[in-house]
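Here are my notes on the model you sent. Please read them with the structure open beside you.

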Amino acid sequence: MAGTSFSGINWVAFGIVDSATGKIIADAGKGLSETGVVLVDGDGQGATTANITGLEAAGTKQYANNEAKRVTHGAQSPQLALTMLDMPFEYGQKMKGYHSDGKGGYVLKGGPKPNVAVMVCSSDFWGNAMYDCFANGELIEGAHNHGTDTNKEVDYNSAYTYSALSPIPNNVFIDPATGTQQPYKQYNSADPKFDMASMLSEVFGGYKDDGTFSNHGKTTSSTTPVSGGTHA
């Protein structure tokens, strides 16, 4: 059984995709790693919040003959507000589009920003993995907030805004009924047709799991309810 409510953040994964083809950049220098995808769950690292907005907007009523006859809806325009407890410095710099000057410094490059794919994994109340997926978008870090330590430590956890864009390949995130492409796709591991390898390949531009996901203990697929999971 699967549910629509969920709990926690199991992990967030990232990849940089090619701006022309949408394929994952499997290169540790040009991309995020040799396989192209990183799942941030190191010592003291991971996601604190991952708030998604813009999945849908309220419709606009259209009137005729003094009655509401139709409702029109704007395009899906998702945005992800992401706070990381921490992650490797080079990941953030690459995804934001900062380049090394070769002297230890990084500056924001001119021109287009990197095309970033993101996957957020949580769990529904039955223990199934839920995945919020974006195959293409841009990541910014709008500010750094510093504060002095007193008798308490004052921390800044890096905060990013991710604006989802349409996937680059035209056969990704397609509604089969209408042929319409969307910037967002959701999966639940309890679906009888769920396939982890297929999902990863679609979201991360042909990526093949090297064990990063299949060996990760927080990628759940159990149908056993979590604590308090007495939901119908």
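1. Overall burial. Of the 232 residues of the protein, 36% count as buried. Buried means under 20% relative accessible area, exposed over 50%, and partly exposed in between, with a 1.4 Å probe and protein chains only. This is a predicted model: local features need pLDDT of at least 70, side-chain atom pairs count only at pLDDT 80 or more, and totals for chains, interfaces and linings use all residues. Residues are numbered from 1 along each chain as its sequence is written, and side-chain values use heavy atoms, with hydrogens and water left out.

2. Build. The protein has 2 helices and 13 strands. Helices (H or I, at least four residues) and strands (E, at least two) are DSSP runs, numbered from the N terminus. The C-alpha atoms fill a box of roughly 70 × 45 × 45 Å along the principal axes. Among contacts between residues at least 6 apart in sequence, 66% join residues at least 24 apart. Contact means heavy atoms within 4.5 Å.

3. Cores. The largest nonpolar core has 23 residues. Such a core is a set of buried Ala, Val, Leu, Ile, Met, Phe, Trp, Tyr and Cys residues joined through side-chain atoms within 4.5 Å. Phe14, Met87, Met95, Val118 and Tyr162 have the most contacts inside this core. Two or more residues each come from strand E1 (6-17), strand E6 (79-86), H1, E9 and strand E12 (159-164). A second, separate core of 22 residues includes Val37, Cys121, Leu200 and Tyr207.

4. Phenylalanine 14. Leaving out residues up to four places away in sequence, phenylalanine 14 touches residues including Leu32, Val37, Met87, Met95, Val118 and Phe204.

5. Helix H2. Which residues of helix H2 (residues 196-203) are buried? They are Met199, Leu200, Glu202 and Val203. Seen down the axis of H2, they fall within an arc of 165 degrees, so they line one face of the helix. The arc is that of the directions from the helix axis to the C-beta atoms. Their cover includes strand E9 (115-124), strand E10 (129-134) and strand E13 (185-188).

6. Ends of H2. Aspartate 195 caps the N-terminal end, with a side-chain oxygen 3.3 Å from the backbone nitrogen of alanine 197. Just after H2, glycine 205 takes a positive phi of about 55 degrees.

7. Lysine 96. This residue lies in helix H1 (residues 89-96). Is lysine 96 buried or exposed? Lysine 96 counts as buried because its relative accessibility is 6%. Beyond its neighbours within four places in sequence, lysine 96 contacts Leu108, Lys113, Pro114, Leu139, Glu141 and Tyr160.

8. Cysteines. A search of the whole structure finds 0 disulfides, a disulfide being a pair of cysteine sulfur atoms within 2.5 Å. For cysteine 121, the nearest cysteine sulfur is that of cysteine 133, 9.1 Å away. Cysteine 121 is buried at 0% relative accessibility. Cysteine 133 is also buried, with a relative accessible area of 0%.

9. Serine 158. This residue sits in the loop between strand E11 (137-140) and E12. Serine 158 counts as buried at 13% relative accessibility. Not counting residues up to four places away, serine 158 touches Leu82, Thr83, Met84 and Glu141.

Technical notes: Polar contact = N/O pair within 3.5 Å; in protein donor to acceptor, adjacent residues only side chain to side chain.
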